[in-house]
2 protein chains.
Amino acid sequence: MIIVFTGNGKGKTTASLGQAVRTVGRGENVLMIQFIKGPWKSGEDFIDIIPRGGKGKFELHKMGKGFVGILGDKLPREDHERAAEEALTYFKKELTKDWKLIILDEINNAIKLELITVESVLEILKDVPDDTFVILTGRDAPQAFIDRADLVTEMKEIKHPFNDGKLAEIAMEF
Amino acid sequence: MIIVFTGNGKGKTTASLGQAVRTVGRGENVLMIQFIKGPWKSGEDFIDIIPRGGKGKFELHKMGKGFVGILGDKLPREDHERAAEEALTYFKKELTKDWKLIILDEINNAIKLELITVESVLEILKDVPDDTFVILTGRDAPQAFIDRADLVTEMKEIKHPFNDGKLAEIAMEF
C-alpha cells in the first residue's frame with residue numbers, strides 16, 4: 001500500500017514518524033530513509049522506540065547530503081544526485097526484507113530537485129506488496145505518485161507564525 | 001504555543017505522535033491526553049519512546065470512553081461528558097508541571113459532540129506559556145481554536161481506499 005503525505009504545511013515527516021511509532025507498537029519493523037535531510041541532528045535521531053512486547057524495531061538511515069543549493073550548500077550537484085540514487089537503490093534492496101513500513105522521507109523534494117526521476121521510483125513501487133506500507137513525503141508530490149498511491153493526505157498550511165520573531169523561532173524548533 | 005491539526009484526512013493524531021517522538025528525542029517531557037479514544041488498544045499503547053540521552057519521557061492518558069453514540073456505544077451520555085470534563089481538568093492541572101508538549105487528542109471532536117465547551121478550553125489555553133507546546137487534534141476544529149492557534153495545519157483527504165474492500169481493511173489497520 002502506497003501512502004503520500006504532501007502539501008505545504010507542517011506534519012508530513014512528523015505523521016510518518018507517528019506511524020512508525022504505531023507500527024513498532026504492533027511488533028512490526030519500520031525503516032525510514034531520508035532523501036534530503038543531512039548530517040545534522042533532529043529529535044528523531046536521539047530516540048529508540050521500544051515495543052513493550054519485545055518485537056518490532058525502528059531504523060533511520062539518513063542518506064541525504066543536506067539542503068540542495070541553499071543555506072550555504074557548497075557540495076557539487078553530482079554528490080547530491082549520487083546520494084539520492086544511492087538512497088533509491090537502498091530502498092529497492094530493503095524492499096525484499098522484513099519491513100512492514102518503509103518511509104521515503106522527502107523523496108518528493110528529491111524529485112522536484114531532479115536528483116532522481118519519477119519513473120525510477122515508480123518502477124520500484126511496482127514491487128511493493130499490498131500489505132507492506134510505503135510512505136512518500138515532501139511537498140509538491142508529483143501527480144504520478146498521487147495517481148499511484150492508495151491513500152493521499154495533503155497537509156495544508158492554514159496558519160504559521162512566520163512573521164512573529166519569537167514565535168517563528170519556537171516554531172522552527174518544534 | 002498552540003498548534004491545531006485538523007481536517008478530514010489521515011495524519012492528525014499521527015503527526016502529534018511524531019512530534020512526541022521528536023520532543024522526547026530532545027530530552028523534554030510529553031503528555032498525551034486522549035479525549036475520545038477508548039479503552040481498546042492501538043499501536044501507541046504498546047511502545048516506550050526512550051531518549052538515548054536518558055532525559056525526556058512520554059506519557060499517554062486515555063481519558064475517553066470510546067466512540068460516542070456510534071459503533072455499539074451503550075454508555076449514558078453523562079458518562080462521556082464526565083470523562084471529557086475530567087480530561088480537561090487533568091490538562092489544567094498538568095499545565096503547571098514540567099511538560100514541554102501536551103497533546104489534547106481528539107479534543108475537537110469532544111467539542112463537536114458538545115461534551116465540553118469551546119469557552120472552557122479557551123479559558124485554560126490562556127495559561128499556556130509561549131515555550132510550552134499544546135497540540136489540539138480532531139476534524140472540524142472550532143474557528144475559535146484556529147483564531148487562537150499560532151500554527152494550524154489542515155490534513156486534507158485527497159485519496160483514501162474506502163471502496164476497495166481489501167485495501168480499506170489494510171488502511172484501517174494502518
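**Exercise 1. Find the residue just after helix α1 of chain A that takes a positive phi, and examine the helix.**

Step 1. Just after α1(A), A:G27 has a positive phi of about 85°. Helices here are DSSP runs of H or I with at least four residues, strands are runs of E with at least two, and both are numbered from the N terminus. This is a predicted model: local features need pLDDT of at least 70, side-chain atom pairs count only at pLDDT 80 or more, and totals for chains, interfaces and linings use all residues. Residues are numbered from 1 along each chain as its sequence is written, and chains are lettered from A in the order in which they are written.

Step 2. Check the length. Helix α1(A) covers residues 12–25, which is 14 residues. The expected span is 1.5 Å times one less than the number of residues. That gives 20 Å, and the end C-alpha atoms are 20 Å apart, so the two agree.

Step 3. Check burial. A residue is buried if 20 or more other C-beta atoms, placed from the backbone, lie within 10 Å of its own. In α1(A), 14 of the 14 residues are buried, so the rest of the structure largely encloses this helix.

**Exercise 2. Trace the open sheet of twelve strands.**

Step 1. Write the order: β4(A)-β2(A)-β5(A)-β6(A)-β1(A)-β7(A)-β7(B)-β1(B)-β6(B)-β5(B)-β2(B)-β4(B), with mixed pairing. Two strands pair if DSSP finds at least two bridges between them.

Step 2. Look at the edges. β4 (58–62) of chain A and β4 (58–62) of chain B each have a single partner strand, so one side of each lacks a neighbour in the sheet.

Step 3. Cross from chain to chain. β7(A) and β7(B) (residues 151–159) run antiparallel, joined by seven bridges. A:V152 has B:K159 as its bridge partner.

Step 4. Take a pair within chain B. β1 (residues 2–6) and β6 (residues 133–137) are parallel over four bridges. There, B:F5 stands opposite B:T137.

**Exercise 3. Describe the contact between chains A and B.**

Step 1. Count. Each chain gives 51 residues to the contact. Contact needs C-beta atoms, placed from the backbone, within 7 Å.

Step 2. Find the main contributor. On the side of chain A that touches chain B, α1(A) gives the most, with eleven residues.

Step 3. Compare the two sides. 100% of the interface residues of chain A are also interface residues in chain B, so the copies meet through the same surface.

Conventions:
Buried ≥ 20, exposed ≤ 12 C-beta atoms within 10 Å, placed from the backbone. Contact = placed C-beta atoms within 7 Å.
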